[in-house]
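Hello,

Here is the structure for you to look over. My notes follow below it.

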Amino acid sequence: MSDPVLDIRNLSVRYAGAPGPAVRDVSFTLGRERLGIVGESGSGKSTLGRALMRLLPSAEITAERMQFEDVDLLNATERQMLKVRGRRMSMILQDPKFSLNPIRKCGDQIAEAYRTHFRCRPAEARQKAVDMLEAVQIREASRVYDLYPHEVSGGMGQRIMIAMMLLTDPDLVIADEPTSALDVTVRLEVLRILDGLVREKGIGLVMISHDLSLVRNFCDRVLIMYAGRVVETLNARELDQARHPYTRGLLAAQPRIAGGRGILPVLKRDPAWEEEPAR
Amino acid sequence: MKPLSIRDLSVSFGALRVLHDISFDVRAGECFGLVGESGSGKSTVLSCAAMLWSQWTGRVEIDGVSVQDMSPAERCRTLQMVFQDPYGSLHPRHAIRTVLSEPLKIQGFDNRDARMEQALGDVGLPVDFLDRYPHQLSGGQRQRVAIARALIVEPDVLLLDEPTSALDVSVQAEILNLLAKLRDEKGFTYIMVSHDLAVVDHMCDRFAVMQTGRVVEVLDHDAISSNGATEPYARELIAASLEYERIA
């Protein structure tokens, strides 16, 4: 792949005091595409996302290569990272209730993301934030700018979060379960807005999710993680042809509307999955 | 098997009315779903029926007896609740033995050891789990313990508040299978709160759609796949779930 946004080779992450690594020997490259990372809780998918952002100060991170464009993420100083984080790579978190500052206006928080990285007058940052709110399809953006997080709904909060993260025109966005805290009626709307902006701006997206079928539709490629390792890499469209028994088990265990009411197939875990090479 | 009926259940928190004249009937042995957006009052209905919150008006009857007229002990023998988050609903410093023996002591059951072993067996856990603590169990195992704690007093009605939404799909499948099996074996009547219509379609016979503290419509589970709802909000909710499932 020419000019990848991310090039990761044999990344392992071990939390301080943990008996084993939470992420083991993960390798992938990411271009200007949408990559899904799927797995159960505890499979290391969020740890991987945080390691890419260098948000795990106490964890031991090792890799052969961990390159984000021209930045060597393994050896970059925290000072360098401050210029990268929120500017060139940013992260959308799961629940806007817990990830927005409750005592500051939503709009000011968005504008802050801009002013941290660009010198400009406050009025200019405000205008940027209002424009971005409109880009995530919030009506009456200048009114919403002055609202506090408790005054907006979950779907709107997550759109505010997206606005904040895309305002600085990053090259890489990591979305960690961006819609799992939202009601199903607004989930698709938020996903479509994120998807539209990511495509329009040519951003590399890493979408972390436990929901295989969601990732199928909003990603180009999918990494399946189990016990800290990537067990299978698939084109999202070919998810139904997954060969790994873990991937197939996850797909089968999901109840479906009008899927009959028989006993759901239960995943039978094989210890060999933890060691065998990725497919 | 006992039926449950709710009539004109209303709740106000100060000036704020959170439930407006909720009425529905659950047949004996039925699994009845409650769906709706967050904040629509689904869980509040369960809290009221279980008398975890007692400041309400209206009637909740199980087999013709009002839950307000039951003594606490009688009420707990009649209905039990399983909560959403198995990480939060077990006491972190109580061994599973304590978790399961306490309701037996309170209710004055005999043969406690045999009953605890039976309950663990019913939810598919080995007997030596009695001496474990919650932090030594996975999320799915904890939810099994929470279900064992509920069924150990041999209730008639189980109130399930999003019993699988904190769990992975693979574990969710195990718990849903377990709940279906227990219903067949023991004839429980379930009320199940869920935000996932695929789970509701899989488990429930009928379900009520709630919005801002009101029951908008009561539907048969078949109405999901065909979107047979007539009320606009219920149609919108089902359509969103269908679309999510189709494209997703």
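Which side chains meet in a salt bridge at 3.8 Å, N to O? They are Arg261(A) and Asp205(B). A salt bridge here is a side-chain nitrogen of Lys or Arg within 4 Å of a carboxyl oxygen of Asp or Glu. Between chain B and chain A the count is two salt bridges.

Some ground rules. This is a predicted model, in which local features need pLDDT of at least 70 and side-chain atom pairs count only at pLDDT 80 or more, while totals for chains, interfaces and linings use all residues. Residues are numbered from 1 along each chain as its sequence is written, chains are lettered from A and ligands numbered from 1 in the order written, and side-chain values use heavy atoms, with hydrogens and water left out.

**The interface**

Chain B brings 35 residues to the contact and chain A brings 31 (contact: heavy atoms within 4.5 Å). About 2,800 Å² is buried between the two chains, and carbon and sulfur atoms give 55% of that. Buried area is the accessible area (1.4 Å probe) that two parts lose on being put together, summed over both.

There are also 17 residue pairs in polar contact between chain B and chain A, both residues at pLDDT 80 or more. A polar contact is a pair of N or O atoms within 3.5 Å; within protein, one must be able to donate a hydrogen and the other to accept it, and residues adjacent in sequence count only if both atoms are side-chain atoms.

On the side of chain B that touches chain A, H9(B) gives the most, with nine residues. Helices (H or I, at least four residues) and strands (E, at least two) are DSSP runs, numbered from the N terminus.

**A sheet in chain B**

Chain B has an open sheet of four strands, in the order S2-S1-S4-S5, with antiparallel pairing. Two strands pair if DSSP finds at least two bridges between them. The edge strands are S2 (16-26) and S5 (65-66) of chain B, each pairing on one side only. S1 (residues 4-13) and S4 (residues 56-62) of chain B share six bridges in the antiparallel sense. Val11(B) has Trp56(B) in S4(B) as its bridge partner.

**Salt bridges overall**

Over all chains, the structure holds 37 salt bridges. One joins Glu33(A) and Arg221(A), with the closest N and O atoms 2.8 Å apart. Glu33(A) lies in the loop between strands S2 (23-30) and S3 (34-38) of chain A, and Arg221(A) in strand S10 (residues 221-226) of chain A, so the pair ties together parts 188 residues apart in sequence.

Best wishes
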